[in-house]
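Please consult the sequence and the structure shown here alongside the text.

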Protein chains: 2
Amino acid sequence: MNITIIGLGLIGGSLALDIKKAFPQAVITGIDASTQHLEEALSLGIIRQKGILEDVRDADWVILAVPVDVITKVLPQVLDNVGEETIVFDAGSTKAAICRSVEKHPRRRNFIAAHPIAGTEFSGPSAAITGLFNGKTNIICEVEKTAFKLQEKALELFKALGMRIRYMDPVAHDMHIAYVSHLSHISSFMLGKTVIEKEKDERDIFDMAGSGFTSTVRLAKSSPNTWASIFSENKENVSAALQQYIANLKNFQQLLDSGDYEGMHAEMENTNRIKNILNGIK
Amino acid sequence: MNITIIGLGLIGGSLALDIKKAFPQAVITGIDASTQHLEEALSLGIIRQKGILEDVRDADWVILAVPVDVITKVLPQVLDNVGEETIVFDAGSTKAAICRSVEKHPRRRNFIAAHPIAGTEFSGPSAAITGLFNGKTNIICEVEKTAFKLQEKALELFKALGMRIRYMDPVAHDMHIAYVSHLSHISSFMLGKTVIEKEKDERDIFDMAGSGFTSTVRLAKSSPNTWASIFSENKENVSAALQQYIANLKNFQQLLDSGDYEGMHAEMENTNRIKNILNGIK
């Protein structure tokens, strides 16, 4: 079982660790634009060997876990090189542009567009952890465009890693994910920015910030490479979500400025039902 | 050791549990506007008995853990009734208005203005947990206005509960806390609102939201009573923080809309140093 993983960060590295555990016979080859990441992945035992793009010819599996704008460029090249039975999947957080990038490719049937909803705020090979995908949702787009036999094999792999599968249209995926994931990252980054700007003397933050701030600002530790790429690829949806978020914040500020206690209370009470929604999330 | 706790929610209830553990001889009397909360607190063993405001005459300690706008009303009445040696402290998340409410009170020296930076997103007596204050910062304002002997006793109690003490001017407290705590709550509530509004079919949220969304939206479960009161009492500071947050979000949206990958990347990279700041927070 030959597996080539392109991109050895949090996601690619964690996939490697889980695959090695589930399939001890797997030989994992790594490709990464960063020599440092390659060396780290080798020394951490995440990959067995370094590879080059042409190696995918002999791979049973090719996994793309690079920033989404890189996926749209590299995926067609990967498909140019794969064998008849190679299964290629990506782990990108946007799906429409990636699906479009190989729409007409003669090897489109070798590709599965996937988005495992899993991650942490850390990045790079050293952030890789085992069990990251266990119990998590993996969204698969345009499954009908993948060869049936390869779908079956891929589902076996995803199942071995503990993932729950959901099928979705790539355009719908990108719209929904803008709200439930991408927007959270911007809200967190800008919250961090606002507080850092204000609190030049960081001791005040250390002492006064509690677990609430830690929780809301956690995603501001995330990788700028990963996220600038995601926001660029999903620009229209993210901008629409951000627009609505800003409008809601402005509305709340008006209630605050006009001393409308009841109005603020009602806004928060209505939103409290997020409790029930969150109970459904791992 | 007679202790009267006014307000038996998350904070008052958790203080009761920790005090009972540290001082098993303590007799805790509870006062709450909600009969249901009183009964709950009794049946959960948080308090030994129900009381009325006039009971504070015989109390060694009186703790106010009600919404901050209620503190400014009840605190003067409490001080009207206390004995010479009674120590009164509050746990409110704003400090300036509370300090002003008893500025000229003849029993001002019996009061310690405190803000233990601790909490969860849950509320009511059933949310009370032991150890909530262990290792947390307790901000004390205008300590010089409290009788020295009572300061000493209060510090012993706070120490027994594991709190770290920080002294601060109430006006500075309210300004800083608007950024590192109050703003987080609004960002989280409005994020929750934005996503709920968009996702009428909540199954999409269940399936697609990951740990990042859960983390950023956690505070949207918080009590509207507590927070409408805090925002009202700290209106100017919260509005200024919100103004800056909205400006930063708009600026990010402009970078996004104009396709400025580098600009978005730089914004996020600059904010990544929140990593170092967060490392200092429990």
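The conventions come first, followed by points grouped by topic.

This is a predicted model, in which local features need pLDDT of at least 70 and side-chain atom pairs count only at pLDDT 80 or more, while totals for chains, interfaces and linings use all residues. Residues are numbered from 1 along each chain as its sequence is written, chains are lettered from A and ligands numbered from 1 in the order in which they are written, and side-chain values use heavy atoms, with hydrogens and water left out.

**Domains of chain A**

- Chain A is divided into domain 1 (2–168) and domain 2 (173–279), with bounds that come from an automatic or database domain assignment.
- A distance of 30 Å separates the C-alpha centres of domain 1 of chain A and domain 2 of chain A.
- To the contact (heavy atoms within 4.5 Å), domain 1 of chain A gives 17 residues and domain 2 of chain A gives 15 residues.

**Cysteines of chain B**

- Over all chains the count of disulfides is zero, where a disulfide is a pair of cysteine sulfur atoms within 2.5 Å.
- B:Cys99 is in no disulfide, its nearest cysteine sulfur being that of B:Cys141 at 5.6 Å.
- For B:Cys141, the closest cysteine sulfur is in B:Cys99, and the 5.6 Å separation is too far for a bond.
- B:Cys99 is buried at a relative accessible area of 3%, and B:Cys141 is buried at 0%; buried means under 20% relative accessible area, exposed over 50% and partly exposed in between, with a 1.4 Å probe and protein chains only.

**Cavities**

- The whole structure holds two cavities of 30 Å³ or more; on a 1 Å grid over the protein atoms alone, a cavity is a set of points where a 1.4 Å probe fits but cannot get out, and lining residues have an atom within 4 Å of a point.
- The second largest cavity contains about 30 Å³ of space, a volume being the space filled by probe spheres set on the grid points.
- Its lining consists of A:Ile112, A:Ile140, A:Val143, A:Gln151, A:Ala154, A:Leu155 and A:Tyr167.
- Helix α5 (residues 148–160) of chain A gives the most to this lining, with three residues; helices are DSSP runs (H or I, at least four residues) numbered from the N terminus.
- By class, the lining of the second largest cavity has six nonpolar residues, one polar and no charged; Ala, Val, Leu, Ile, Met, Phe, Trp, Tyr, Cys and Pro count as nonpolar, Asp, Glu, Lys and Arg as charged, and the others, Gly among them, as polar.

**Histidine 176 of chain B**

- B:His176 lies in helix α6 (residues 170–198) of chain B and is buried, with a relative accessible area of 11%.
- The C-alpha atoms of B:His176 and B:Leu53 are 33 Å apart, and the two residues are 123 residues apart along the chain.

Conventions: On a 1 Å grid over the protein atoms alone, a cavity is a set of points where a 1.4 Å probe fits but cannot get out, and a pocket is an open set with protein on both sides within 12 Å along at least five of seven lines; lining residues have an atom within 4 Å of a point. Helices (H or I, at least four residues) and strands (E, at least two) are DSSP runs, numbered from the N terminus.
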